[in-house]
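Q: Please take a close look at the pairing of charged side chains in this model. Then set it in the context of the whole chain.

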Amino acid sequence: MLARTSSPDLAASPEGTVAFPLSGVQHRRLANGLEILFKEDRSAPLVSAQVWVRTGSIMEANLLGTGVSHLVEHMVFQGAGAHGPGAVARLVQETGGVLNAYTSFDRTVYWIDTLREGLDTALGVLADLTTAARFPHAEFEKEKDVIRREIDMGRDDPGRTVSQLMFSTVYREHPYREPVIGRLELFNTVERDAAFGYWQERYTPERMFVVVAGDTDIETVERLVEERFGKVESRPSAHLYLPEEPVQTAARAAHTEFSTEITRLELAWRIPGLLHADTPALEVLGTLMGSGRTSRLWREVRERKALVHSVGAGAYTPVLSGIFYASAECDPDKREAAEAAMLDQVRAIQDSGVTEADVRRARRMFLADQLSGLTTTRGQASDVGSNWHSAGNADFTSHYLEAVDRVTPEQVQRVAREWLTPQGLTSVSINPPGSLAKTTVAVNGLRAEPVRRHVYPNGLTLLVREDRRLPVVSLHATLRGGLLAETVESSGIGRLMARTFVKGTARRGSEEIADLIESGGGSIGADSGGSSFSVSAQVLRPDFEQGLALWAEVLLEPSFPEDEVKREASRQAAALKQQEDHPSFLAFQALRRAVYGTHPFSLNREGTPESLARIGREEILALHREQVVTGNAVVAVVGDVGFEEAREVVARALAGLPEGPRRDGATLPEPPVHAGQTIALVKDKRQAFLVAGYPTVGITHEDRTALDLIDEACSDMASRFFERIREQHGLAYSVGTTQIIGMAPGVFAFYLSTAPEKLEFARDELLKEIELLAREGLLADELDRARKTWIGKQAMQTQSSAGLAQQCALDELYGLGFDHYEAVLERVRSITVEEVAAVCRRYFTAAPVLVAVGPEESEK
């Protein structure tokens, strides 16, 4: 499904119903044909500026299959206007902004999120990228080599592989059959002049439009866009012919083998595009069949028949021909049975129809999904851009949601019969080696209130943030636990507890829980991390009290049925196999083991086959009794609810929460004394992955702010690592930094992915840059850029009520205080170059743990 989230302005509606969004978008056109769309949102001092170019991989004409659209997207960053490689990233980050771009079938989009003061800079950068690119000859082959690594990564990725197999089997004539990134043999033929000529032809004012959303006004936007884009001359461009796909007259199949442990299956049917009258009903059909725990496929194929580890369905609806899909992951010996069971559900809908309750629930879920991204300026700008690009109507989302809300059971049955035909079916899968006998290829202006804190007499902490911009309430219970509560023998129990929280309570089963929450368009779930776990729900305001009661019941009274525990343990065991497909995961897991020894942070969150075999219902109940107590929990309530109301209703809902202390982890073993070492792992992939890990400190240590700023400075497109290793040498597709952070000593990791034959050189260059960082720290401009980027990202996090509440809840739980985000902001602003340099010397001077994953010939 295409993104169709709209702006958060809401029309009035009767109590018990949800209003549809109204866009409030203003439109202007420059003399050269460039259009401007603006959506005002004063909820935060942020703006999102985007340039949409009406060209993508299906529009490459005589260059079809080369991926030239994606190549152009890369090349504009290598020199535009007065800026050289990497310069635009630095310029944007100096305003506290973030920039990126993406290419798809029918569009290329460049976007910058920044503080409102950075709007002029953002529009200037976007104008240079789209109207003044230079395509320097010296950078062209280096950037092509970067994309070759990206192509290799895609060929190693099972999800991308099965998706490409599906598109190339569904479409025989239409350009959808070609990957957006291109086919390597065709990509290699693209010369610099051909790519530059493509950019000149397609990046014209008539084929582009500018979208701005956020804390400014239309007069400012129009003036700045006129200054930056107004002098660009319009240029004629040829009409593009896209061939029509012939009618599919017989079922198709393509089942092949791939280096994976789990079978991935896709069933697909061609359907009409976004603007067709049947598309809203197909959206509802997709939601009804494959979204949430009440969906047909989840209940019948996953839960009752236990044929798959995961299953879903939906409608991909671009403007042109779309695809209705049903996907699953399963053990290879269950593929045929899983496909048969999935098709049985399609036939059941075609033969017997669906109930009004099913359709009402699906409509509600679809609407709730659209509301989820409406509080951010980027979400609003993306919605406006998508609406304008696809329908020429900035308010298209409102009309589309109204059409979805009118869908009837009879319409759902009719479109299932008309479009999901036996002769129109395409079935594809990728399977583990040796598993196939043969390979077959056939905003209303309201601002959110500050977070408020209340501690009940029993020790439970409540955080409330009132935010009336949307009729949505989020509920989060965050508790100490996660990996820190596990041992080698109980490894995986936290994740297993999280996955079985919603499988039943003392009063109701999993299907009833799913039906109650999803009938109101809500969701409920649990998760387990390194130092904590959570149970969360999101509900529409009319269903708040019912949703709160159900959330509390799931938190306090889970029954953890033995059969569900066994079933989820089996799925976690399957997930362990899937992890083997990803070299980056293998590298970081080896790093954890080397750094943490017997400490719980060395463990895999999914567990081990041996530990999962030992864990049963009683073990999970014991862990629940130990951790779900008043002193160990912080509850956050965010959204369309006031502080006093939240305090009263949470007190009633959680009256049965047992009293108890907070887990402090004092009895955990200390990580071992660190000694540098090198670990080589062999994995038969086209890419090699390298990580260098340095032990650091926990989340409450005073050095944490400096480490976070170093991470920020070293992990973006303007970083010294990106510029030297990727841009200057073309050694890696991805290079950056990340951290392991929690209530235990942390790890700062430098990583890169590269071609196996370049691994040794790339490793040496990475270590040289780390040694330089350890000696000299960050330069003043690097620290200033990191500081501004960090502050910009913090503002973006603050813009999302749910995101801020989760951050405050975790900070409160970890002992930092719920308002730590304000204190750390001051520390970020005041920290000096000398202080950061001292932290670099403190942690990056020792020899690291080096882990390399790649094919055997890449190991030295």
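A: Glu 466 and Arg 468 form a salt bridge, with their closest N and O atoms 2.9 Å apart. The term means a side-chain nitrogen of Lys or Arg within 4 Å of a carboxyl oxygen of Asp or Glu. Glu 466 is partly exposed, at 24% relative accessibility. Arg 468 is also partly exposed, at 35%. The cut-offs are under 20% relative accessible area for buried and over 50% for exposed, with partly exposed in between (1.4 Å probe, protein chains only).

This is a predicted model, so local features need pLDDT of at least 70 and side-chain atom pairs pLDDT 80 or more, while totals for chains, interfaces and linings use all residues. Residues are numbered from 1 along each chain as its sequence is written, and side-chain values use heavy atoms, without hydrogens and water.

A second pair sits in helix H11, residues 335-352. Asp 344 and Arg 347 meet there in a salt bridge, at 2.6 Å from N to O. The two are three residues apart, which puts about one helical turn between them. Asp 344 is partly exposed, with a relative accessible area of 34%. Arg 347 is partly exposed too, at 39%. Helices here are DSSP runs of H or I with at least four residues, strands are E runs of at least two, and both are numbered from the N terminus.

Now helix H4. Arg 149 pairs with Asp 145, their closest N and O atoms being 3.1 Å apart. They are four residues apart in H4, again about one helical turn. An α-helix has 3.6 residues a turn, so residues three or four places apart point the same way. Both Arg 149 and Asp 145 are buried. The pair belongs to a network of salt bridges that links Glu 141, Asp 145, Arg 148, Arg 149, Asp 152, Arg 155 and Lys 758.

H4 itself covers residues 137-156. Of its 20 residues, 14 are buried, so the helix is mostly covered.

The loop between helix H3 (119-131) and H4 holds Phe 135. Its phi is near 50 degrees, positive although the residue is not glycine. Most residues other than glycine have a negative phi. Phe 135 is buried, with a relative accessible area of 0%. Phe 560 also has a positive phi, near 45 degrees. Its loop runs between helix H18 (544-556) and helix H19 (562-579). Phe 560 is buried, at 0%.

Last, the whole chain. The count comes to 68 salt bridges. There are 94 positive and 121 negative side chains, and the centres of the two sets lie 1 Å apart. Lys and Arg count as positive, Asp and Glu as negative, while His and the chain ends are not counted. Each charge is placed at NZ of Lys, CZ of Arg, CG of Asp or CD of Glu. The chain has 30 helices and 25 strands. Its radius of gyration is 27 Å, close to the 29 Å from the globule rule for 860 residues, so the chain is as compact as a globular protein of that length. The radius is taken over C-alpha atoms, and the rule is 2.2 Å times the number of residues to the power 0.38. Buried residues make up 61% of the 860.

Methods:
Expected span 1.5 Å × (residues − 1).
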